[in-house]
Amino acid sequence: MPKKMNKQLKIDSKKYIWYPFTQMQDYVAEDPLIIEEAKGCILKDIYGNEYIDGISSLWTNVHGHRKKKLDLAIKKQLDMIAHSTLLGLSNVPAIQCAKKLIQIAPKGLTRVFYSDNGSTSVEIALKMAFQYQQQAPHGDPHKTKFISMTNAYHGDTIGSVSVGGIDLFHAVYGPLLFDSFKAESPYCYRCAFGKSYLSCDFECLKQMEGLMKEHSHEVAALVIEPLVQGAAGILVQPPGYLKKIRELCARYNILMIADEVATGFGKTGKMFACEHEGVTPDIMALAKGISGGYLPLAATLTSEKIYQGFLGKYEEFRTFFHGHTYTGNPLACAAAIANIKIFEKEHVVENLAEKIEHLEKRLQPFTSLAHVGEVRQRGIMIGIELVADKDSKEEFPPEEKIGYKVIKEARKRGLIIRPLGNVIVLMPPLAVSIDEIDRLCEITYESIRMVTEL
Ligand SMILES: *Cc1c(COP(=O)(O)O)cnc(C)c1O
């Protein structure tokens with residue numbers, strides 16, 4: 001792009017947009033980074049500078065940017081139709097995509113309800129669970145509440161914030177939210193019960209069971225990010241935890257909602273996180289990677305039991321009265337179909353094991369850095385928790401903006417990452433190469449060292 005236009009873009013970037021999760025006072029004081037194109041795992045800004053996409057464009061991109069098969073699928077669909085409504089009509093890609101989703105989903109999930117982002121996919125799951133209890137033959141209208149986890153993130157709409165547990169984002173909206181029972185999440189590095197993993201005998205699960213025992217008569221569903229709490233800073237749950245949660249939900253007749261918005265589509269090393277522990281939830285929320293990181297699409301998958309609870313004569317009003325204008329958008333569904341086909345044809349999940357192992361190896365040296373408290377990894381999801389003091393695990397004060405400083409250093413070296421507080425997150429596209437993993441780790445290591453040690 002010509003120089004003059006670039007300058008104008010920078011000015012307009014600060015003048016017209018209000019950026020998400022961004023302190024605008026800081027944004028307008030700095031030089032904005034404006035992306036113009038990409039190829040594979042490399043992003044390019046308006047000046048032609050290249051950066052590794054170290055967070056897969058916010059956990060969405062799977063097969064790299066400008067993946068031929070994905071580009072073609074969307075172009076082909078564009079020649080047919082861009083959008084028609086799913087309210088009362090159907091469309092070809094929405095049908096084919098739903099079939100594909102059910103084929104790859106944990107066994108027992110049989111129905112697909114579309115929306116267009118992760119927050120709504122969870123919002124829908126909550127409303128479905130609630131309404132199911134109100135009206136289904138096997139429901140119980142006294143069950144109106146939810147169990148959610150501390151440190152949870154399920155999106156930014158009021159319902160999904162209500163079951164969230166990250167005070168920094170959520171506290172201010174307190175008066176707007178509905179109550180939910182909070183179970184302590186297994187953040188083993190900072191155990192809420194002051195125990196250490198294994199000798200703890202799963203104290204957190206005992207608290208969970210206590211909650212369920214006491215409140216099962218009033219609880220409709222539990223909502224959980226299976227295996228990894230993403231936005232909390234990639235908090236990895238210990239093996240066996242998820243399976244036990246599934247068992248407890250069944251025992252206390254509480255529906256299980258699995259929010260796989262972050263973990264779905266290969267990021268944990270299997271297609272879905274639930275597969276690691278042979279778990280089928282009653283309801284599963286999907287978004288982010290569902291369209292390969294191309295277009296906004298989300299899906300809430302349910303078991304046949306949930307679906308059946310909504311059947312009846314129209315005048316019984318058991319209908320699920322919910323639907324967004326762009327529900328089942330044909331372009332987004334065409335992208336999702338192509339995404340799943342690439343997984344199958346290119347054995348993406350199978351080929352991932354080697355990359356995950358390589359990452360593990362390359363991350364080892366990080367633990368000896370003076371201010372790295374813990375390195376957490378599950379599949380291709382990585383969180384590096386920075387601490388002011390390793391022995392006491394004392395946190396860096398927020399005004400030091402330590403995470404922010406690290407990602408700025410990384411940017412100078414050609415890597416785009418994003419911190420979650422004092423946790424540096426790495427989550428490259430599944431298509432990342434071994435060489436790119438090496439560079440990603442080198443730059444991150446150097447950036448942490450620069451900011452915390454020099
Ligand atoms: C990102 C995320 C969401 C919200 O998705 P949006 O598309 O940003 O609304 C919900 N749940 C989890 C686990 C997420 O990581």
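In this predicted model, helix H13 passes helix H15 in a right-handed crossing. The two helices, which span residues 348–363 and 434–453 respectively, pack at an angle of about 25 degrees, and their axes lie 10 Å apart. Since angles under 35 degrees count as roughly parallel, H13 is therefore described as roughly parallel to H15. On the side of H13, the contact is formed by Glu 354, Lys 355, His 358, Leu 359, Arg 362 and Leu 363, while H15 contributes Ile 434, Ile 437, Asp 438, Leu 440, Cys 441 and Glu 442. Sorted by class, the residues of this contact comprise six nonpolar, one polar and five charged.

Helix H15 also packs against helix H14, which covers residues 402–412; the axes of H14 and H15 come within 8 Å and cross at roughly 130 degrees. That angle makes H14 oblique to H15, and the crossing of the two is right-handed. Here Ile 402, Lys 405, Val 406, Glu 409 and Ala 410 of H14 meet Ile 443, Ser 447, Ile 448, Met 450, Val 451 and Thr 452 of H15. The contact of H14 with H15 contains seven nonpolar, two polar and two charged residues.

A further helix pair is formed by H9 (residues 203–215) and H10 (residues 241–251), which pack at an angle of about 15 degrees with their axes 11 Å apart. H9 and H10 are therefore roughly parallel to each other, and their crossing is right-handed. In H9, the residues Cys 204, Leu 205, Met 208, Glu 209 and Met 212 meet Tyr 241, Lys 244, Ile 245, Leu 248, Cys 249 and Arg 251 in H10. The residues of the contact of H9 with H10 divide into eight nonpolar and three charged, with no polar residue among them.

At the level of domains, the assignment for the chain gives domain 1, made up of residues 33–62 together with 349–453, and domain 2, which runs over residues 71–345. The centres of domain 1 and domain 2, taken over C-alpha atoms, are separated by 27 Å, and the contact takes 27 residues from domain 1 and 27 residues from domain 2. Between them, the two domains bury about 2400 Å², of which 63% is on carbon and sulfur atoms. Within domain 1, the residues that lose the most area to domain 2 are Trp 59, Arg 378 and Met 381, which together account for 29% of what that side buries.

How values were computed
Residues are numbered from 1 along each chain as its sequence is written. This is a predicted model: local features need pLDDT of at least 70, side-chain atom pairs count only at pLDDT 80 or more; totals for chains, interfaces and linings use all residues. Side-chain values use heavy atoms; hydrogens and water are left out. Axes are lines fitted to C-alpha atoms, for helices over the stretch in contact, and angles run from 0 to 180 degrees between N-to-C directions. Helices (H or I, at least four residues) and strands (E, at least two) are DSSP runs, numbered from the N terminus. Angles under 35 degrees count as roughly parallel, over 145 as roughly antiparallel, 65 to 115 as roughly perpendicular and the rest as oblique. A crossing is left-handed if the near helix is turned anticlockwise from the far one by less than a right angle, and right-handed if clockwise. Contact means heavy atoms within 4.5 Å. Ala, Val, Leu, Ile, Met, Phe, Trp, Tyr, Cys and Pro count as nonpolar, Asp, Glu, Lys and Arg as charged, and the others, Gly among them, as polar. Domain bounds come from an automatic or database domain assignment. Buried area is the accessible area (1.4 Å probe) that two parts lose on being put together, summed over both.
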